[in-house]
Protein chains: 2
Amino acid sequence: MSESPQDPTPQGGRVERPVAFEDPAYLAAVVDLLGVISYGEMSAFERLAEDAKMAPNLADKAELARMASTEFGHFDRLRERLAELGADPFEAMSPFQKPFDAFHARTAPSDWLEGLVKAYVGDGLAADFYREIAAFLDTGTRDLIIESLADAGQSRFVVDRVRGAIADDHRVGGRLALWGRRLMGEALSQAQRVAAERDALSALLSGGVDRPGMDLAAIGRLFTRLTENHSQRMEALGLAA
Amino acid sequence: MSESPQDPTPQGGRVERPVAFEDPAYLAAVVDLLGVISYGEMSAFERLAEDAKMAPNLADKAELARMASTEFGHFDRLRERLAELGADPFEAMSPFQKPFDAFHARTAPSDWLEGLVKAYVGDGLAADFYREIAAFLDTGTRDLIIESLADAGQSRFVVDRVRGAIADDHRVGGRLALWGRRLMGEALSQAQRVAAERDALSALLSGGVDRPGMDLAAIGRLFTRLTENHSQRMEALGLAA
């Protein structure tokens, strides 16, 4: 007997692939999820590199460049994982290019502080959301996602800079509070668009025949949690949510 | 006897510091050199992240983002080393901001291929030049510099893309050959400006009382080597130098 008929990776078995992936719907959903997260990381890289130009000095510029490089490192691991799962990584990302680009076009920061708030609030919201979905996944995928969402150092740096700017001029706080609300609104509207278009992805949240998921009430509670965390982040920045 | 009078690092001695650093002129020159290289790396990060926007597809964009992140990694190690030497890293970089920014302003690529040629030709020239200077330094500094100049993967990628574009349309070759010559001219003119303004740095090349250096004839030969290597890179791209 040269091969077990139960071998889940008949093409050579280089990759350890949990039994969950035998369900093609699950595999499609994970590819979609890794696709959206990796495009988000690439998008974060681009945005941070762009915002670095507005830095008031070389040291602050280097901080943003560091965050951008960290996001690229996450992107790279997610891309590798997509390839291991037999997916074309860039094809997996392409459905998410439009909504992300639309989000960034609608929320182009007009100065250094708006860029910092966007990095902090936007990445925080995305991380919360993906972490909630990751709870329903196999451990390998879950660990990779959670590791990719680790704070790239932005929190302390951004909180410090934004609080400092408000201390210098309290009017800054009012403007940035409005900005934070607008970011949340635009993010939710793009997320809704993605959920409506990507059935496999939303099925991850609502569950399947033998996969746990969320009913409508649970999804409502999820949105409450996301909103509460957003408010806490705004508060950490010294801003009214 | 609590302390050796010969201790070269009386403030705690966390860093192993070769005897060469007891000469303040040498220390100043090394700080200058690490300053110019690290600002160059930061500048390369910014330029590659900017050029990534012109990528024809997501996979090529990711390649440029990877190079940018690699350059940031080099920047970070050089910055650390400057701090270990007791210098303010950003102060050490600041004299070089103007010439680098001027170089980039005068050589802003107008499309994806010009960006690739600039990354390849510009980084190659800089690496050749710093490697020549590094030959006169203590081994610790030399190794760090040589490691920082390691090819961030651009060579194969750029050669492949530029040769492909010329194969598709041979007129591209004529345009990019002119571009390569312009890059070389602008780089030399900015390098000359730096050499004229930074005495410590040019003293590294010409040597000191008990430090080897280059006489005028040797500096002439250095420029010949730099020009020859530039021609070889242009040839690798399929371009007339």
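## Contacts and overall fold

Two residues are in contact if their C-beta atoms, placed from the backbone, lie within 7 Å. On that basis, residues 24 or more positions apart account for 74% of the contacts in chain A with a separation of 6 or more. The model described here is predicted.

Chain A holds 10 helices and zero strands. Read from the N terminus, its elements follow the order α-α-α-α-α-α-α-α-α-α. The C-alpha trace of chain A spans about 75 × 40 × 25 Å along its principal axes. The radius of gyration of chain A is 19 Å, which agrees with the value near 18 Å that a compact globule of 241 residues would have. Of the 241 residues of chain A, 39% count as buried.

## Confidence of the prediction

The mean pLDDT of chain A is 87, and 91% of the residues of chain A reach 70 or more. Confidence in chain A is lowest in helix α9 (residues 199-206), with a mean of 80, and highest in helix α3 (residues 89-93), at 97. Over residues 1-10 of chain A the pLDDT is below 50, and this stretch has seven contacts in the model beyond near neighbours in sequence. For the model, the ipTM is 0.82 and the pTM is 0.85.

## The contact between the chains

How many residues does the contact take from chain A and from chain B? Chain A gives 17 residues and chain B gives 17 residues. On the side of chain A that touches chain B, the elements giving two or more residues are α1 (24-52), α2 (58-84) and α3 of chain A. The most comes from α2(A), with nine residues. By residue class, this side of chain A divides into 12 nonpolar, three polar and two charged residues.

The same surface serves both copies, as 100% of the contact residues of chain A recur in chain B.

## The nonpolar core

In soluble globular proteins, nonpolar side chains tend to be buried together. Here the largest nonpolar core has 116 residues, and of these A:Ala68 and B:Ala68 touch the most other members. Not counting residues up to four places away in sequence, B:Ala68 touches A:Ala49 as well as B:Phe45, B:Leu48, B:Ala49 and B:Ala52.

B:Pro89 has its place in helix α3 (residues 89-93) of chain B. Is B:Pro89 buried or exposed? A residue is buried if 20 or more other C-beta atoms lie within 10 Å of its own. B:Pro89 has 25 C-beta neighbours inside 10 Å and therefore counts as buried.

Leaving aside neighbours within four places in sequence, B:Pro89 is in contact with B:Ser38, B:Arg79, B:Leu82 and B:Ala83. B:Leu34 lies 55 residues from B:Pro89 along the chain, and the C-alpha atoms of the two are separated by 8.8 Å.

B:Glu63 belongs to helix α2 (residues 58-84) of chain B. With 19 other C-beta atoms within 10 Å, B:Glu63 is partly exposed. B:Glu63 and B:Val158 are 95 residues apart in sequence, while their C-alpha atoms are 10.0 Å apart in space.

B:Phe157 lies in helix α7 (residues 154-168) of chain B. B:Phe157 is also partly exposed, with 18 other C-beta atoms within 10 Å. The C-alpha atoms of B:Phe157 and B:Asp60 are separated by 9.1 Å, although these residues are 97 residues apart along the chain.

A:Glu228 is found in helix α10 (residues 216-236) of chain A. A:Glu228 counts as exposed because 12 C-beta neighbours lie inside 10 Å. From A:Glu228 to A:Ala241 there are 13 residues in sequence and 9.5 Å in space, C-alpha to C-alpha.

Terms used:
Residues are numbered from 1 along each chain as its sequence is written. Chains are lettered from A and ligands numbered from 1 in the order in which they are written. pLDDT is the predictor's confidence in each residue, from 0 to 100. Helices (H or I, at least four residues) and strands (E, at least two) are DSSP runs, numbered from the N terminus. Ala, Val, Leu, Ile, Met, Phe, Trp, Tyr, Cys and Pro count as nonpolar, Asp, Glu, Lys and Arg as charged, and the others, Gly among them, as polar. A nonpolar core is a set of buried Ala, Val, Leu, Ile, Met, Phe, Trp, Tyr and Cys residues joined through C-beta atoms within 7 Å. The radius of gyration is taken over C-alpha atoms; the globule rule is 2.2 Å times the number of residues to the power 0.38.
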